[in-house]
Every structure is written in structure tokens, then in C-alpha cells.
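The structure is shown first.

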Amino acid sequence: MNIKRTKEEIKDTIEAYLKKDEYGAYEIPVIRQRPVLLLGPPGVGKTQIMEQISKECKIGLVAYTITHHTRQSAIGLPFISKKQYGGREYAVTEYTMSEIVASIYEKMEQTGLKEGILFLDEINCVSETLAPAMLQFLQCKSFGNHKIPEGWIIVAAGNPPEYNKSVREFDVVTMDRVKKIQVEAEFDVWKEYAYQQGIHGAVISYLNTKKQNFYQMETTVDGRNFATPRGWEDLSEFIGAYEKLGKTIDREVVSQYIQFPKIAKDFANYLELYEKYQTDYQLEEIFQGHFDEVLLKKIAHASFDERISVLGLILAKVNEELKKAVQWEAYMEMLQSCLLEFKELTEKESENRSGRELFHYVCQKSNIDYTNQKKAELLGREDEGQYHRLLHTLDCFLQTLKLEMLEEKEEVFRRVKELFEQENSQFEQQEGKARLFLEYAFDFLEGAFGVGQEMVMFITELNSNYYSVKFLQDCDCERYYQYNQELLFDEKRRKLLERLQ
């Protein structure tokens, strides 16, 4: 099962486990809520999807790598207590609360979320002394004498034996008490995630042509060579940082992330050419509508790898502008929501608060919403960025009202509306720029390749990108719809011919 389907399956499981009847009891009794056990190669994103799931389901997350724990930290420390049995007092061994169970209660206190996920990574690599406690945990959902709180779903992850010498096989009794999901690495699924996360264009472009290098694991006399999705994503972040610093990524740097010498060398060479083509083909000129006929002929007769690299550069530029436009729109929707709330307050407010005081109240409320969601750890990286942008704009609006000494409700609303229109004008400019970049890209591709495989790849990549799909849903780009329809028709025809044969 690929990581996308795995994520959907876990979300569906959580929804089923947390479903309650009319009396507030769980539809599936806690005893029947099997822990989810993810088994798959390292670096495919098992841990990362848990963070995404907790935010999307708006529930808590407590994550541990269980190999870092001893038996004492997992089940608690023993102490002697006194108890009465049959009229006589006895010394009895009890255990303090497990650090892991205590962390769940702390998370509930900190975030106010009463339901969540307890995620334990590398669960099949525990030490010999901790192994019995892990089996008890999977079977009984407890550490020592302390049970996992109701509403907290257990998800565990582990690597198959071929990837880790420390792996312990679970017996049938244990496996019969878990919901097992086998996870596999699949590039096309990861690519959707990569576009949404802003993975560097060179990484996506390279892997489009060398899909076999997306995930590789090889055992040699010198040890393990490997390339993983995690490695590609971390390398992408580093490339972006180096570009801003004006530093060069060479083979040595690549090999620190892609620990497969042959692949690291190949990608380093590709990256060098990728950057060279950006200058050779005058990318900045292309997106100003200037097309050199000599360069169009040059790329039309270039090698396949060179054409794909240039296509990757074109896509990266277009996707960057489409993403900005989509993010602008989401930000404008948040800002508009604040403006509508302010308007309702000015119309309904019967107290003697001025218009500026009411707007200040809206600003404070937005700040509180952000603080509460951040405290509950429900905000992703992009969500947090959008909130920062919104709060900064609201504060600028408020400072303008103070500088202009506006108090009366109608005057304040009129001024805030004017400021909103200024923001909206900038959004429309970004939207227009994104449309223009898309048109220039089509102009270049038609001039260089006509309706060839490069155009098919361009349309296919646009359809794989969350931001481009979202932008194109409302964009009247005739050439996109024309080529997309032709692509769909060709795909249907190909499948029909395959069935006939």
C-alpha cells in the first residue's frame, strides 16, 4: 500500500474508532480498537503522515521512538505500598506512571484535546528486556498498571527484518491483535506531496526521469547504500537554503543526504546542468515574453535529458507563481472573514465602543484563534505562515486607524474596506502574473516542441500539482483545457487498445 493510501486508511480508522453512539459510548469498544501497525522500509514517510493526520483530524499526537526507552521508562519505576487483605496489612509492589502514559495526559492538559494518537516508532526493534512490555502494550493497551486513556488510538511503526538487524518478529498471538498495514515507496504518490511541500524543482525533474533512484537500498561489502524519500526532501531544503546564500551544492554535499554514491554523483551532475540551463536558455527572458528563435531551435534538437531539464525549469517557475496566487487567495479569504465579522459588529453593537475599539477586538480574536490552534499543535507550516501574514496585516490596518485618529464606526469601516481593497488589488496582480507565466510557458513549449511529448509531460505535471490544479479550477486558460482534453482522449484510447489486444 502506498503512503497516500496508508494515510487515508489511518484517517478512516481514526474516524471509525472515535465514532460514538447516541449515549456517548464508542461504536467500536476500546477492547476491539486494534492498534495500527505500519511495516515498511525506512524513509518512506511513516512518521511524517502521523503529523499530517493529527492536524487534519484535529486530534493530539504523542510520538516516541521506542528504541530510546528502557523497561523502567516504559512501564514506570517500582515502589512499595501498603494494602489490606483479609484484615492483614501487606507490602505490595506497584509502579509509578509510565513516562509515555504521563506524556499523553500532559498533552491533553497542554492542548485541551481529549482524543489523539500515540505513535511508537521502531516498535519491533526494542531491547530484550522491553520486548514483553511491548507485547503487553499491543495486546492490552497498557504500560505496567496504567492504561492508555480512552480516545487515544495506538499507531506503531517498524521496519522489515531486511532493513534492520535488530528487528524482532512478533508472534501470531500479537499479530492477531493488530491492524497491519504494509507500506511501500511509490514515486508518483510522493510527487503529489513533493509539489505541495515545495520540493526543489531539480529534485522533482531529476526523479521524473530517474524514478528508479527515488528509493534504492543496496548491501555492499562496505555497508548499506541507500536513497530514500526522506533524504530527497531534506536535500531539497538544503539546496533551497544554499541558493539563498549563493553557495554551490556539489557531489560531496549531495552524498551527505543521498547515501548511494552512484545516485549522488548522477544527481550532482544533473544539478550542475540544471543550473547551467537556467542561464543558457535565458529563463528570465522567456517569462517576460521574449523568445529567441535560435534558442528555440537549440532546445528542439537537444538531447532528451536536456529537454527534460529545461521543462523542469519551466515548470518550477510556473508552479512557483501558481502557488503564490493560491496562497494569496487563501489569505484573502481569511482577511475577508475578519472584515465581515467587523461589519457585523458595527451593525449589531449596542454598546458605546467606538469603531476602532471594535476592530481592535477583531484583531485580538484572530490572535487568540491563532494562539489556541498553535497551542493545540493543529497548524501546519503553511497555515502558520498564513496566520502570521493575516495578523501582520490586521495590525497594520489598526495602526493606520490610530494614525488617522478614526473612531466613528462608519468611518472606520470605510477606511478598513479601502485597505482591504488595496490588499485585494495586490492579489489580483499576483493572479494576473500567474496567468501570464502559464501563457508564456505554453508559448515557449509550442514554439520549441509543438504538440510533442514535452507538452504531454507539462500537462501531466500540472495535473499532479495541488496548487496548479487548484489555480486551474477557476482559471480560463484555453490551451490548458485543450491539451488536457487531448491528453485524456489519448489515455482513454490507449487503454481501449490495450483491452482489445
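Contact here means that heavy atoms lie within 4.5 Å. The structure is a predicted model, in which local features need pLDDT of at least 70 and side-chain atom pairs count only at pLDDT 80 or more, while totals for chains, interfaces and linings use all residues. Residues are numbered from 1 along each chain as its sequence is written, and side-chain values use heavy atoms, with hydrogens and water left out.

**Overall architecture**

The secondary structure of the chain comprises 20 helices and eleven strands; these are DSSP runs numbered from the N terminus (helices H or I, at least four residues; strands E, at least two). Along the principal axes, the C-alpha atoms fill a box of roughly 100 × 80 × 50 Å. Of the 501 residues, 46% count as buried, where buried means under 20% relative accessible area, exposed over 50%, and partly exposed in between (1.4 Å probe, protein chains only). Among contacts with a separation of 6 or more, 73% are made by residues 24 or more positions apart.

Ser236 belongs to helix α9, which covers residues 229–245. Its relative accessible area is 6%, so Ser236 is buried. Apart from neighbours within four places in sequence, Ser236 is in contact with Gly198, Ile199, His200 and Val203.

Helix α18 (residues 453–464) has twelve residues, and its first and last C-alpha atoms are 16 Å apart, close to the 16 Å expected at 1.5 Å a residue. The expected span is 1.5 Å times one less than the number of residues. Buried positions in α18 are Glu454, Met455, Phe458, Ile459, Glu461, Leu462 and Ser464.

On a 1 Å grid over the protein atoms alone, a cavity is a set of points where a 1.4 Å probe fits but cannot get out, and a pocket is an open set with protein on both sides within 12 Å along at least five of seven lines; lining residues have an atom within 4 Å of a point. Grid points are joined across faces, edges and corners, and a volume is the space filled by probe spheres set on the points. The count comes to two cavities of 30 Å³ or more.

| Space | Volume |
|---|---|
| Second largest pocket | about 400 Å³ |
| Largest cavity | about 50 Å³ |
| Second largest cavity | about 40 Å³ |

The second largest pocket has 21 lining residues, of which Val30, Ile31, Arg32, Gln33 and Lys141 lie nearest its centre. Two or more lining residues come from each of α5 (131–140) and β8 (152–158). The pocket lining divides into eleven nonpolar, three polar and seven charged residues, with Ala, Val, Leu, Ile, Met, Phe, Trp, Tyr, Cys and Pro counted as nonpolar, Asp, Glu, Lys and Arg as charged, and the others, Gly among them, as polar.

Residues lining the largest cavity include Asn2, Trp190 and Phe214; this lining has seven nonpolar, one polar and two charged residues. The second largest cavity is lined by Leu335, Cys338, Leu339, Phe359, Leu394, Phe397, Val416 and Phe420. Helix α14 gives the most to that lining, with three residues, and the lining has eight nonpolar, no polar and no charged residues.

**Cysteines**

The whole structure holds zero disulfides, a disulfide being a pair of cysteine sulfur atoms within 2.5 Å. For Cys338, the nearest cysteine sulfur is that of Cys363, 7.7 Å away. Cys338 is buried because its relative accessible area is 6%. For Cys396, the nearest cysteine sulfur is that of Cys363, at 10 Å. Cys396 has 33% relative accessibility and therefore counts as partly exposed.
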